[in-house]
Amino acid sequence: MGGTKRRPYGSTAKTRQMVLAALGVVKVATAEQIRQLMCPGTASAQTVRNGCLDLGRDGLVESLGSAIRTNAAGNLVSEKLWNLTGPGLEAAAAVLDRPVREMGGTARGAARAGAKHAVKVTDTIIAFLQTPPEPTRPVPRKQSQPATTALPSAQAGNGPASAPAATQERPQGLGQISSWATEVVLPVSGTLTTPGKNSPRADAVLTAPEAGLPVMFVEVDNGTENPVVLSYKAARYREFFRRTVKPTTPSGKPVPMWETLYGPLGREGYPPLAIVFTKQVGATAMNNRINSVMRLTEEHWAGQYHQFAPSYGFDECDNYTDYADAVPILVTTLDRLREHGPLGPVWFRFGHPTWQSLADALDNPDDERAFKARQRRRDQLRKQQLEQEEQQRERERQEARERWAAQEAAVEAAREPEPVCQECRGPLESSPFEYDPREAGAPPADGVHCAGCRIQLAEPTGRFGRVIRRLVNGDGHYPRR
């Protein structure tokens, strides 16, 4: 496609912005890497290359070195490495909407040296993003450009009505280019601009709160460092995570410095540290390296183990692990990331039994939260058991009361009725525990009348007898004299 006097290589403004955004994050990359980062749907990296050339005429990007890679045919090829200039760094900051002071350097030295490590960091970010390719229409060119991607090519066509290029399905990615930052200083002392000695510098930092991942620190291992060096990096990360700053209010508690930079995680512990192994080695060699790093870093990721009898039985024990001061260390390989994406089962977290998805790897199934859930279940079962026991006791008490009432009723039914007086229907005989004075003056018992009735029946019935009865009984109208 023809250019103009200002843009002799014919790049579009969108292409130039994509180049600035990509280099603003990864600092140094080949045109093919920028294509995979930003526009994998294009069939050739020439579009990106033209953008780099036009930006180079503006003094915003430059190429000071080259990288060696293996192409689809298995041959080693050399590709130019592109990096930003000083003015280009400011332009990239404007595209990414970031302060210039947070953009870092131009990576000119790394570009001159071939940027072997930086290229692998860029490959890792590409594998994380898994940028979905957008279908494009072929653009007529004076000379055909070889395709640099393994995407299926579209049917031949030169006119604007040609069918869109076929796209290759990719696994789901995580974040976008603006979610990343590289060569980030994490001061264990000092400040962000003047960090103290032994402060770690993260290869890459991913912030994707929209995906439930406020921050993840990424270390890329090319297989050139000893496992002891990697374990030392984990120790420095932990030292940075432990650093606190003064609270914003007089009554507040000290706040972790990393939390002031990236926000809270919403879960216990420190942010995850992901180690990506990029060197292609055999399965045995990779497992040995992972095991060595896991063993050397155990004190940083294992957490504090607690075991005790949680509830009601001395023979019952439970446990949990406190991860408040533990660094979740996750490892994977670049090949796994490329094939399954960052959300697939590509992560092995130290302390977990198997390869897991990112969500499962970040979870702590044996922490205090899980223990409290088990304790609540135990309390509920204990409460149910107590209620059942109380219900059983109440049933037994009710059965005992019913048996006693039945026995009383049987005794009562078998008992002969007490004789009653035929005259007043009262007790025929007085109580053996209470003396009745009427018994002394009453006629002899006849078996059918009580003492009172026998006295009344024996009294005179005439007028003279009634007078005598009043005198004898002390009638009020006839008081005794």
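Helices here are DSSP runs of H or I with at least four residues, strands are runs of E with at least two, and both are numbered from the N terminus. Before going on, this is a predicted model, in which local features need pLDDT of at least 70 and side-chain atom pairs count only at pLDDT 80 or more, while totals for chains, interfaces and linings use all residues. Residues are numbered from 1 along each chain as its sequence is written, and side-chain values use heavy atoms, with hydrogens and water left out.

Back to histidine 340. Buried or partly exposed? At 35% relative accessibility, histidine 340 counts as partly exposed. The cut-offs are under 20% relative accessible area for buried and over 50% for exposed, with partly exposed in between, using a 1.4 Å probe and protein chains only. Leaving aside residues up to four places away in sequence, histidine 340 touches Pro171 and Val346; a contact means heavy atoms within 4.5 Å.

Now the whole protein. It has 16 helices and 13 strands. Of its 481 residues, 39% count as buried. Among contacts with a separation of 6 or more, 60% are between residues 24 or more positions apart.

Next, the sheet. An open sheet of 6 strands runs in the order β4-β5-β6-β9-β12-β13, with mixed pairing. Two strands pair if DSSP finds at least two bridges between them. β4 (180-185) and β13 (348-349) stand at the edges with a single partner strand each, so one side of each has no neighbour in the sheet. Inside the sheet, β6 (residues 213-221) and β9 (residues 273-277) pair in the parallel sense over 5 bridges. Aspartate 221 has phenylalanine 277 in β9 as its bridge partner.

Which helices lie on this sheet? Helix α9, residues 283-296, packs on the sheet and touches β6, β9, β12 (329-333) and β13, at about 155° to the direction of β9. Helix α6, residues 116-129, lies across β4, β5 (201-208), β6 and β9, and runs at about 140° to β6. Axes are lines fitted to C-alpha atoms, for helices over the stretch in contact, and angles run from 0 to 180 degrees between N-to-C directions.

There is also a hairpin, formed by β2 and β3 with 5 residues between them. In the turn, glycine 74 has a positive phi of about 85°. The strands, β2 at residues 61-70 and β3 at residues 76-84, run antiparallel and are joined by 8 bridges. Threonine 70 stands opposite leucine 76 in β3.

Last, helix α2. It is mostly covered, with 7 of its 8 residues buried. The buried residues pack against α1 (13-26), β1 (28-30), α3, β3 and α6.

How do α2 and α3 cross? The axes of α2 (residues 31-38) and α3 (residues 46-57) come within 8 Å and cross at roughly 110°. That makes α2 roughly perpendicular to α3, a word used for angles of 65 to 115 degrees, with under 35 roughly parallel, over 145 roughly antiparallel and the rest oblique. Ala31, Ile34 and Arg35 of α2 make the contact with Val48, Arg49 and Cys52 of α3.
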